[in-house]
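Keep the sequence and the 3D view open as you read.

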Amino acid sequence: MNKKILITGGAGFIGSHVVREFVVKYPNYQIINLDALTYAGNLENLKDIEDRPNYTFVKADITDQAAMNAVFKQYQPDGVIHLAAESHVDRSIADPTAFVMTNVIGTVNLLNAAHAIWKDNFGGKRFHHVSTDEVFGALGESGFFTEDTKYDPHSPYSASKASSDHFVRAYHDTYGLPIVLTNCSNNYGPNHFPEKLIPLCIHNILHDKPLPVYGDGKYTRDWLFVIDHAKAIDLVFHEGKDGDSYNVGGFNEWQNIDLIKELCRQMDVKLGREQGTAASLITFVKDRPGHDLRYAIDASKINAELGWSPSVTFEQGLSLTIDWFLSNQEWLDHVTTGDYQHYYNNQYHGA
Ligand code: NAD
Ligand code: DAU
C-alpha cells in the first residue's frame, strides 16, 4: 500500500534511524522528514539515503503553527511519527521554556495541523507520538514501569513530555484523532549526540578528558540499542491498537558507574591501550538536581501483542556503537564545535 508519512525530528539521533528504517523498508511509501536542524539535528546522519526517490527533507519549526498547517496542506500525510523535541534533561534544567515551546506547543501545533486535514475522514490515518519512560518518574530499588503506571515527571524535560502525551490522548478522546504512543527507555547507538552519557564518555576518552559521573554514580537506566527502538516504532505505527500506548525497553539495567567502567574496558581493548587507561579519567562531579534514581521498563505488552523484543544484546550493541564512533570521528568533530564547548564549560563537566 502507498502511504505518505511525515516524520518529525528525523535529522536527530533516533529520528535518523526511524527515517532510514522506513525509507529502506517501504520503497512505496513517501517519507517526509521535517526538522528545524537545531544543534541536535544533522543531515549527515542521513547521507546514505538522502538521494532515494521516496525521501524528502523539509526544514521547518514545529513551534510555528502556520508553517505546520502549510506543510500538512502541501504533503497531505496519512501518518505522522513525531520525534522532534528538545531531548536533554540537563538543558531543560538550564532553560525549561525552550522545552515547553518545542515539546508542548510544537506537539499541539502538529495535532492541530493533522486534525485540520484529517477531520472529515480518519480512515487509514495515524498520529504516532514518540515519548519517554521519564514521564513515569523514578523507581526505587525494585519494580518496573508498565503502561498503567501513573505519570509523575520530575524534570522540566519529563514534565514537557508528559504534557505532550496528555495532549495527544486528549485529541484522541475529544476529537477522535487516531493516535498511538510509545514510551521508551534510554537509547544508545550511532548518531547519538555527545551530550548524553555514552557518547559523551566515548568523546572524552578519545580526547583524554574527564568522564563526569553525577553524584555517587548509582543511578540506574535501562538501555536499548536505537535500531531496536526504530523497529518497535515501525511495529506500533503499523499494528498498534488505536488510542493505546506501548512501553519499549531493553530489559537491560545498568548503574551509571558500572556502565562507564564497561565502556572504559571496551574502549581500552579497541584502542589497544593498557586496561585502566580510560577508567583513570572517571571523575565524580556534582549531581543533577532532581536526579531520578532508577528507570526500568516492563516491555511485556509490546512483546506479547506485537512480538517485539530487542535484537542485540547490550554487549553487541555497545561494541557496534563504539566501532561506529571510532570510524566516524569527523562526525564527532563536526558536532562538537561552536556552542558545544561553551555549553560544556558551563555545566557539570568543568572546563
Ligand atoms: P535529538 O535531540 O537527538 O533530536 C531531536 C531532533 O528534533 C533534532 O533533529 C532537532 O533538530 C529536532 N527539533 C528540535 N526542535 C525542533 C523544532 N522546534 N522543530 C522541528 N524540529 C526540531 O533527540 P532524540 O534523542 O533522537 O529523541 C527523539 C525523540 O525520542 C524525542 O521526542 C525524545 O523525547 C524521545 N525519546 C528519546 C530517548 C533517548 O534515549 N534519546 C528515549 C525515549 C524517547
Ligand atoms: O529514559 C529515556 C531518556 O533517556 C530520554 O527521554 C532522554 O531524551 C534521554 O536524554 C535520556 O535521559 P537521561 O537523563 O537518562 O540520559 P543522559 O544520557 O543525560 O544520562 C544518563 C544517566 O547518566 C543519568 O543518570 C545522568 C547520568 N550522567 C549523564 C551525563 C550526561 C552522568 O553521570 N554524567 C554525565 O555527564
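How many cavities of 30 Å³ or more does the count come to? The count comes to 2. Here a cavity is a set of points, on a 1 Å grid over the protein atoms alone, where a 1.4 Å probe fits but cannot get out. Grid points are joined across faces, edges and corners, and a volume is the space filled by probe spheres set on the points. Rolling a probe the size of a water molecule over the atoms shows where empty space is left.

A word on the source. This is a predicted model, in which local features need pLDDT of at least 70 and side-chain atom pairs count only at pLDDT 80 or more, while totals for chains, interfaces and linings use all residues. Residues are numbered from 1 along each chain as its sequence is written, chains are lettered from A and ligands numbered from 1 in the order in which they are written, and side-chain values use heavy atoms, with hydrogens and water left out.

Start with the largest cavity. Its volume is about 50 Å³. Lining residues have an atom within 4 Å of a point. Among them here are Val89, Glu134, His154, Arg221, Arg288 and Tyr295. By class, this lining has 3 nonpolar, 4 polar and 4 charged residues. Nonpolar covers Ala, Val, Leu, Ile, Met, Phe, Trp, Tyr, Cys and Pro; charged covers Asp, Glu, Lys and Arg; the others, Gly among them, are polar.

The second largest cavity holds about 30 Å³. Its lining includes Tyr39, Asn45, Asn191, Phe193 and Trp331. That lining has 5 nonpolar residues, 3 polar and no charged.

Now turn to the open spaces. A pocket is an open set of points with protein on both sides within 12 Å along at least five of seven lines. The second largest pocket has a volume of about 170 Å³. Asn45, Asn191 and Trp331 are among its lining residues, along with His17, Arg20 and Asp48. The elements giving two or more residues to this lining are α1 (13-25) and α11 (329-335). Helices are DSSP runs of H or I with at least four residues, numbered from the N terminus. The pocket lining has 3 nonpolar, 4 polar and 5 charged residues.

Next, the ligands. Ligand 1 is surrounded by 28 residues, with Ile14, Asp35, Ser87, Tyr157 and Lys161 the closest. A residue counts as near if one of its heavy atoms lies within 4 Å. Polar contacts are pairs of N or O atoms within 3.5 Å. A polar side-chain atom of Tyr157 is 2.6 Å from an oxygen atom of ligand 1. The backbone contributes too: a polar atom of Ile14 is 2.8 Å from a ligand 1 oxygen, and a backbone N or O atom of Gly12 is 2.9 Å from one.

Around ligand 2 there are 24 residues, and Tyr157 is listed among the closest, with Thr132, Asp133, Pro212 and Arg288. The side chain of Asp133 has an N or O atom 2.5 Å from an oxygen atom of ligand 2. For Glu134, a polar side-chain atom lies 2.8 Å from a ligand 2 oxygen. Tyr214 uses a backbone N or O atom, at 2.9 Å.

Finally, the cysteines. A disulfide is a pair of cysteine sulfur atoms within 2.5 Å, and the whole structure has 0. Cys201 counts as buried because its relative accessibility is 1%. Buried means under 20% relative accessible area, exposed over 50%, and partly exposed in between (1.4 Å probe, protein chains only). Cys264 is buried at 1% as well.

Definitions and conventions
A polar contact is a pair of N or O atoms within 3.5 Å; within protein, one must be able to donate a hydrogen and the other to accept it, and residues adjacent in sequence count only if both atoms are side-chain atoms.
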